[in-house]
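User: I am new to reading protein models. Please take me through one, feature by feature.

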Amino acid sequence: MNFLAAVQAALRIGMARKDATAEAARAYTFTWLDAVIAAIVLVGVQIALFVWSFSGVDGLPSAVVRDTGLVIILSLALPYAIYWFTAQAAKAMAALPGAYVFLALVLAALQIVSAVLANFGQSTTAAVGLLAVFAGFGARNFFGLGRGGAIAVGVAIAVATIGAGLLLLVLPGGKMLLG
């Protein structure tokens, strides 16, 4: 087990490198342990960002924290579910652990970039578009989808993520945030 080798192979395959190292990466056999470790890293990043975003806020109602946590969990779980359905439909279940490693890396990187941009008062809207692009790359390169299928998967993941975020508006904690 070499998780860093799994990360390197997932990035090379997911980003469609066309050199000899990418062909060597295709020979890497991803395991479910690789996917679980990547998911743990993603959850760790998300917990750190969650704690960081609420640090320094005194007297925050528990409903806000609970509902925000629920939305975060949902927005992380939906891309995994969409990849699972895609792998089932493409009959590419063997590629799913590697795709999950790639997806975890993409989600973690975009969460960190979004948090840093938001901290400086910048819009993070482009992160959803980047998520769609990279999720589409991963679907195409791991599951062997064509361009149309990859675009559909990327858009589905972006829409699901936006939908999960909008869910906060109807939950009690989200209504408290709106005033």
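Analyst: We can start with confidence. This is a predicted model, and the mean pLDDT of the chain is 85, with 91% of its residues at 70 or more.

User: Which elements of the chain have the lowest and the highest mean pLDDT?

Analyst: First the general idea: where pLDDT is low, the predicted coordinates should not be read in detail. In this chain the lowest mean pLDDT among the elements, 62, belongs to helix 2 (residues 20-26). The highest, 92, belongs to helix 7 (residues 147-167).

User: How many helices and strands does the chain have?

Analyst: The chain has eight helices and zero strands. Read from the N terminus, its elements run α-α-α-α-α-α-α-α. The radius of gyration is 17 Å, close to the 16 Å that the globule rule gives for 179 residues, so the chain is as compact as a globular protein of that length.

User: What box do the C-alpha atoms fill?

Analyst: Taken along the principal axes, the box is roughly 55 × 30 × 30 Å.

User: How do I read burial and contacts over the whole chain?

Analyst: Take burial as a share of residues: here 41% of the 179 residues are buried. For contacts, look at the separation along the sequence. Of the contacts in the chain with a separation of 6 or more, 69% are between residues 24 or more positions apart.

User: Now single residues. Is Leu-103 buried or exposed?

Analyst: The cut-off for buried is under 20% relative accessible area. Leu-103 has 1% relative accessibility, so this residue counts as buried. Leu-103 is found in helix 5. Setting aside residues up to four places away in sequence, Leu-103 touches Pro-79, Tyr-80 and Tyr-83. The C-alpha atoms of Leu-103 and Ala-39 are separated by 9.0 Å, although the two residues are 64 residues apart along the chain.

User: Which residues is Ala-63 in contact with, leaving aside its neighbours within four places in sequence?

Analyst: Those residues are Gly-173 and Met-176. Ala-63 belongs to helix 4 and is buried, with a relative accessible area of 10%. Between Ala-63 and Gly-173 there are 110 residues of separation along the chain, yet their C-alpha atoms are separated by 4.6 Å.

User: One more feature: what is the phi of Lys-91?

Analyst: The general idea is that most residues other than glycine have a negative phi. Lys-91 is not a glycine, but its phi is positive, about 55°. Where does Lys-91 lie? Lys-91 is in the loop between helix 4 (62-89) and helix 5 (96-119). Lys-91 is also exposed, with a relative accessible area of 76%.

Definitions and conventions: Residues numbered from 1 in each chain as written. Predicted model: local features only at pLDDT ≥ 70, side-chain atom pairs only at ≥ 80, totals over all residues. Heavy atoms only, no water. pLDDT = per-residue confidence, 0-100. Helix = DSSP H or I, 4+ residues; strand = E, 2+ residues; numbered from the N terminus. Rg over C-alpha atoms; globule rule 2.2 N^0.38 Å. Buried < 20%, exposed > 50% of the residue type's maximum accessible area, 1.4 Å probe, protein only. Contact = heavy atoms within 4.5 Å.
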